[in-house]
There are 2 protein chains.
Amino acid sequence: MRNGVFYGVGVGPGDPELITLKAINVLKSSAVIAVPRSSDKGSSRALEIIKGVFDFGDKEILELPMPMTKDRAVLDASRREAAILVAQRLGKGQDVAFITLGDPLIFSTFSYLIPFVKELSPLSGIKAVPGVTSFSAAASLHCVPLAETDERVIIVPAAYELEKVRDALASADTIVLMKVNRAIDGIIELLNEAGLLDKAFFVSRAGWPEEEIITDLTAIKGTKPDYFSMIIIRKND
Amino acid sequence: MRNGVFYGVGVGPGDPELITLKAINVLKSSAVIAVPRSSDKGSSRALEIIKGVFDFGDKEILELPMPMTKDRAVLDASRREAAILVAQRLGKGQDVAFITLGDPLIFSTFSYLIPFVKELSPLSGIKAVPGVTSFSAAASLHCVPLAETDERVIIVPAAYELEKVRDALASADTIVLMKVNRAIDGIIELLNEAGLLDKAFFVSRAGWPEEEIITDLTAIKGTKPDYFSMIIIRKND
């Protein structure tokens with residue numbers, strides 16, 4: 001009996017129509033749909049999206065523990081635990097499709113599981129089904145090009161070090177700041193200093209029913225947007 | 001009578017299965033499918049993809065002149081000419097769907113038409129349907145994460161200035177070099193200098209029937225790969 005395949009399936013940014021045919025086909029043919037169980041709302045949105053697209057029938061919905069913590073030991077233990085659950089299914093010849101918002105190889109918990117699944121189930125294939133990213137969806141809301149001709153785009157998770165955000169502003173023509181939720185005020189200050197405030201726009205949950213786009217960033221000063229928020233700065237008009 | 005809507009529709013990186021439901025729905029409901037006519041093979045691949053997905057029926061296939069030149073006057077004239085053809089259809093109330101490989105706002109000729117169509121058909125809506133990018137497809141081939149946790153990704157068109165490639169290597173954790181076709185040897189030299197040669201892989205036409213992935217970059221020294229080639233460098237393991 002062949003081992004199952006472990007798929008990371010990008011279901012797109014949150015608009016159910018932005019799922020690909022490939023994602024649907026892989027999900028339909030997989031016996032197990034794995035979904036990270038965490039405090040964030042991404043997993044439940046990903047599950048909603050695919051529930052709207054096809055009938056689950058007798059597929060197993062496998063919830064994987066994915067705590068939101070910075071404690072490395074806790075993270076490693078939970079990833080190993082999740083990989084054990086996945087490897088058990090793979091060993092029975094079942095394909096396991098791990099669903100993720102956006103793309104499975106850009107800020108997705110899927111990539112953290114790869115080394116553990118490789119170790120525990122070395123004979124299983126591991127494949128990624130790419131998806132439409134949240135930043136493409138955000139740009140489309142405003143119909144703003146992310147890159148033309150010789151322009152560079154940098155994608156920076158802004159929740160960690162503001163110094164990296166400052167560097168990024170200088171190193172590309174378009175800057176996508178992801179995970180801005182915990183650093184809004186500092187980012188607005190940096191943009192103001194760099195004279196880029198009027199080149200920036202804020203998007204939350206692009207393509208979700210509650211999507212929001214804000215072009216005057218000073219309006220969100222002092223607020224705490226959620227995890228699915230980003231700021232895009234395009235220097236050139 | 002309402003004016004038509006001008007859509008930029010990303011049909012994905014080249015694998016027909018990587019088109020989204022939204023792209024299919026917009027293409028089905030549009031009276032006109034616009035496709036750039038140029039010497040590159042992207043347009044014909046985009047057309048092949050959608051021909052496989054649905055029946056064109058009596059839709060008009062509108063070829064738009066898009067010469068590959070750096071002469072600004074020639075470019076502007078041809079874009080205006082293309083926008084006139086689009087605006088004529090929009091004025092008749094027809095929706096026009098401009099198809100593009102990948103995403104319509106990342107290195108796509110769609111974005112160049114936006115200002116001209118806005119000027120010629122100010123009452124028409126202009127919308128972008130985001131698509132899966134070529135770099136997501138390339139990463140998925142090798143199942144290599146583009147970004148985890150606090151990592152930055154920079155996307156750089158490498159055909160223009162090698163100095164910008166050098167800067168990019170220092171400014172992010174993952175570097176995606178697009179349009180590497182005319183600069184392979186210089187890029188390999190830079191990667192070698194930076195000690196990043198063994199962190200890099202080359203992908204051509206990810207998801208196309210003739211896709212190619214090369215992990216030993218010295219093997220492509222002196223060659224001239226085509227426009228749909230890229231090099232991805234991931235510093236962290």
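This is a short talk on how the two chains of this model are built and how they meet.

Before anything else, let me say that the model is predicted, and that everything I describe is computed from its atoms.

I will start with chain A, where the domain assignment gives domain 1, residues 6-129, and domain 2, residues 134-234. Taken over C-alpha atoms, the centres of domain 1 of chain A and domain 2 of chain A are separated by 27 Å. Where these two touch, domain 1 of chain A contributes eight residues and domain 2 of chain A contributes nine. On the side belonging to domain 1 of chain A, the classes are three nonpolar, two polar and three charged residues.

Now to chain B and its sheet. Five strands of chain B form an open sheet in the order E3-E2-E4-E1-E5, with parallel pairing, and the edge strands, each pairing on one side only, are E3 (60-65) and E5 of chain B. From one strand to the next the twist averages 25°. Looking inside that sheet, strand E2 of chain B, residues 32-37, and strand E4 of chain B, residues 96-100, are joined in the parallel sense over three bridges, and B:Ala34 has B:Phe98 as its bridge partner in E4(B). Helix H1 of chain B lies across E1, E2, E4 and E5 of chain B, and runs at about 140° to E1(B).

One residue to look at in E1 of chain B is B:Val9. Is B:Val9 buried or exposed? B:Val9 has 28 C-beta neighbours inside 10 Å, and therefore counts as buried, given that the cut-off is 20 or more. Leaving aside residues up to four places away in sequence, the contacts of B:Val9 include B:Ala23, B:Val26 and B:Leu27, and also B:Ala97, B:Phe98, B:Ile99 and B:Thr100. By way of contrast, B:Val9 and B:Asp71, which are 62 residues apart in sequence, are 27 Å apart in space, C-alpha to C-alpha. B:Ala97, with the same exclusion of sequence neighbours, touches B:Val9, B:Val26 and B:Leu27, among others.

Finally, the contact between the chains. It takes 45 residues from chain B and 45 residues from chain A. Which element gives the largest share of the side of chain B that touches chain A? That share, five residues, comes from E6(B). By class, this side of chain B has 27 nonpolar, eight polar and 10 charged residues. E6(B) is also joined to strand E6 of chain A, residues 153-157, by three bridges, and these two strands run antiparallel.

How values were computed
Residues are numbered from 1 along each chain as its sequence is written. Chains are lettered from A and ligands numbered from 1 in the order in which they are written. This is a predicted model: local features need pLDDT of at least 70, side-chain atom pairs count only at pLDDT 80 or more; totals for chains, interfaces and linings use all residues. Domain bounds come from an automatic or database domain assignment. Two residues are in contact if their C-beta atoms, placed from the backbone, lie within 7 Å. Ala, Val, Leu, Ile, Met, Phe, Trp, Tyr, Cys and Pro count as nonpolar, Asp, Glu, Lys and Arg as charged, and the others, Gly among them, as polar. Helices (H or I, at least four residues) and strands (E, at least two) are DSSP runs, numbered from the N terminus. Two strands pair if DSSP finds at least two bridges between them. Axes are lines fitted to C-alpha atoms, for helices over the stretch in contact, and angles run from 0 to 180 degrees between N-to-C directions. A residue is buried if 20 or more other C-beta atoms lie within 10 Å of its own, exposed if 12 or fewer, and partly exposed in between; C-beta atoms are placed from the backbone.
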